[in-house]
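Come along while I write down what I look up.

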Amino acid sequence: MPIHSETRHMPYTAQQMYDLVADVASYPKFLPWTAAARIRSTTPKGHGIEMLADLVISFKVFRERFGSRVMLYPDVKRIDTEYLDGPFKYLKSNWSFEDAEGGGCNVSFFVDFEFKSRILQGVIGVVFNEAMQRVVRAFEDRAKELYD
């Protein structure tokens, strides 16, 4: 049941950061442990867009595919992710992006998940905080690469 939540100020616009995180298909190019990504579908839903996506996560000897429902809300710059199938008991995450007074933006990120496998849960439990820092750094580095 690892949970991670943080808000960071970034020197980019909320739109730029939203676009970077919403580009799930590009995750294998920069996100640690992400071996592959496949977008199954994108469908307008209410005030947002529903994206069904599969990610393949590769960590040490483990390689697992999982499916997610990603709800994109471009007007309010929010992204909510919900687990569909794969190695987790559950997984929920959300991102929100707000332009900051004086420039840049504030990016808020929250993730809560639990693996079905006690072995996987034990492995990630040991390195969870370090793993989350690497993921956050990967998004920061990708923003620098794209926008600087």
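This is a predicted model: local features need pLDDT of at least 70, side-chain atom pairs count only at pLDDT 80 or more; totals for chains, interfaces and linings use all residues.

**Strands, turns and one glutamate**

Strand β7 covers residues 105-115 and runs antiparallel to β6, with 11 bridges between them. I then followed the chain through the turn: β6 and β7 form a hairpin with five residues between them. In that turn I noted G102, whose phi is positive, at about 90°.

Then I turned to the other partner of β6. How many bridges pair strand β5 with strand β6? I found five, again in the antiparallel sense, with β5 spanning residues 78-85 and β6 spanning residues 88-99. As one example, I wrote down R78, whose bridge partner in β6 is S96. β5 and β6 also form a hairpin, this time with two residues between them. The turn holds G86, and I jotted down its positive phi of about 135°.

My last entry is about E50. I found E50 in strand β3, which covers residues 48-59. Is E50 buried or exposed? Its relative accessibility is 11%, and buried means under 20%, so E50 counts as buried.

What does the side chain of E50 make a polar contact with? I traced it to the side chain of R69, at 2.8 Å. Leaving aside residues up to four places away in sequence, I listed what E50 touches: S41, T42, T43 and K45, along with R69, V70 and M71.

Notes: Residues are numbered from 1 along each chain as its sequence is written. Side-chain values use heavy atoms; hydrogens and water are left out. Helices (H or I, at least four residues) and strands (E, at least two) are DSSP runs, numbered from the N terminus. Buried means under 20% relative accessible area, exposed over 50%, partly exposed in between (1.4 Å probe, protein chains only). A polar contact is a pair of N or O atoms within 3.5 Å; within protein, one must be able to donate a hydrogen and the other to accept it, and residues adjacent in sequence count only if both atoms are side-chain atoms. Contact means heavy atoms within 4.5 Å. Two strands pair if DSSP finds at least two bridges between them.
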